[in-house]
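Good morning, colleagues. Please look at the structure on the screen while I describe its surface and its fold.

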Amino acid sequence: EGVTQVNNEIEVLPESPMDWQIRRATARVIYGDPTIGDRYGYRSLPSIHILVKNGNLTLEGVVANEGDKNLINIRANGIPNVFKVTNNLQVEK
């Protein structure tokens, strides 16, 4: 009730072995790092979402502080074969 329109922007990402490798490497550098992985890696629904399309990496979600956001950004920028990193992580208020 009250909803007049739904804008469906869900996109099915293409299957790509290189994108899959980037997703896996990103998960390892984020969740495998004891300084940040312990806070974000053990939730049933992770607060950090890793999206890869044609070698471009986008990070979405929420982190606890600016230091975590910056550390994750540094680690993501060090992943091989990534053309661009877009860090859309938000810091909890």
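**Surface and fold**

The accessible surface of the protein chain comes to about 6500 Å², and 52% of that surface belongs to carbon and sulfur atoms. These areas come from the Shrake-Rupley method with a 1.4 Å probe. Please note that this is a predicted model, in which local features need pLDDT of at least 70, side-chain atom pairs count only at pLDDT 80 or more, and totals for chains, interfaces and linings use all residues. Residues are numbered from 1 along each chain as its sequence is written, and side-chain values use heavy atoms, with hydrogens and water left out.

Of the 93 residues in the protein chain, 31% are buried, that is, under 20% relative accessible area.

I turn now to the fold. The protein chain has 3 helices and 3 strands, taken as DSSP runs of at least four residues (H or I) and at least two (E), respectively, and numbered from the N terminus. Along the sequence their pattern is α-α-β-β-α-β.

The strands form an open sheet in the order β1-β2-β3, with mixed pairing; two strands pair if DSSP finds at least two bridges between them. Because β1 (48-53) and β3 (84-91) each have a single partner strand, they stand at the edges, and one side of each is left without a neighbour in the sheet. From one strand to the next, the twist averages 10°.

β1 pairs with β2 (residues 56-63) in the antiparallel sense over 6 bridges. Within this pair, Ile 50 stands opposite Leu 59 in β2.

Notes. Buried means under 20% relative accessible area, exposed over 50%, partly exposed in between (1.4 Å probe, protein chains only). Axes are lines fitted to C-alpha atoms, for helices over the stretch in contact, and angles run from 0 to 180 degrees between N-to-C directions.
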